[in-house]
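Take a look at the fold below. Keep the sequence beside it as you read.

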Amino acid sequence: MSAATWLNKVKWDDQGLVPVIAQEASSNDVLMFAWMNRDALSKTVEIGEAVYWSRSRKKLWHKGEESGHVQKVKEIRLDCDQDVVLIKVEQADSIACHTGRHSCFFQKFEGSLNEGDWQAVDPVLKDPESIYK
């Protein structure tokens with residue numbers, strides 16, 4: 001099967017992107033959400049490490065290129081509608097979030113409709129100032 005064939009099975013959006021969920025292979029924790037384009041997904045398969053598309057910087061982003069928190073890809077899955085990718089990864093230093101936390105999903109809703117708010121429930125494992133000098 002050629003590269004184009006398997007990549008063509010992905011339903012890319014109007015900007016040529018697909019949403020990607022990164023999940024820790026060992027714990028099944030959801031670490032982060034990001035986007036990939038064809039080049040990012042191809043490069044991820046080629047090097048075995050997560051490469052995303054940065055919408056803000058408009059360029060490929062090799063996860064960990066600045067922080068060292070590389071994601072080694074163990075498995076890649078495509079959902080039933082072929083429009084979401086799940087990557088199971090081994091997360092370097094157990095830090096996936098730019099805030100220095102294990103997961104980007106560290107804020108939990110607590111309370112009621114009128115009296116609720118988001119609370120940070122996971123600790124900072126490493127000060128972001130020391131990661132991104």
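M32, F33, A34, W35, W53, S54, R55, S56, R57, W61 and C104 line the largest pocket. A pocket is an open set of points on a 1 Å grid over the protein atoms alone, with protein on both sides within 12 Å along at least five of seven lines; a 1.4 Å probe fits at the points, and lining residues have an atom within 4 Å of a point. This is a predicted model, where local features need pLDDT of at least 70 and side-chain atom pairs count only at pLDDT 80 or more, while totals for chains, interfaces and linings use all residues. Residues are numbered from 1 along each chain as its sequence is written, and side-chain values use heavy atoms, with hydrogens and water left out.

How much space lies in the largest pocket? About 240 Å³. Such a volume is the space filled by probe spheres set on the points, which are joined across faces, edges and corners. Strand β2 gives the most to this lining, with four residues. Strands are DSSP runs of E, at least two residues long, numbered from the N terminus. β2 and β3 (51-54) each supply at least two lining residues. By class, the lining has seven nonpolar, two polar and two charged residues. Nonpolar covers Ala, Val, Leu, Ile, Met, Phe, Trp, Tyr, Cys and Pro; charged covers Asp, Glu, Lys and Arg; the others, Gly among them, are polar.

Now turn to the second largest pocket. Its space is about 200 Å³. Of the 13 residues that line it, R57, W61, K63, H98 and Y132 are the closest to its centre. The lining divides into six nonpolar, three polar and four charged residues.

Next, follow the strands. β1 (residues 18-24) is largely enclosed by the rest of the structure, because six of its seven residues are buried. Buried means under 20% relative accessible area, exposed over 50%, and partly exposed in between, with a 1.4 Å probe and protein chains only. Strands pair if DSSP finds at least two bridges between them. β1 pairs with β2 (residues 30-36) in the antiparallel sense, over six bridges. Here Q23 stands opposite V30. β1 also runs parallel to β6 (residues 85-91), joined by five bridges. There V20 stands opposite V85.

Finally, look at the loops. β1 and β2 form a hairpin with five residues between them. N28 lies in that loop. Its phi is near 70 degrees, a positive value in a residue other than glycine. At 43% relative accessibility, N28 is partly exposed. Q82 sits in the loop between β5 (71-78) and β6. Q82 has a positive phi of about 65 degrees, although it is not a glycine. Q82 is partly exposed too, with a relative accessible area of 29%.
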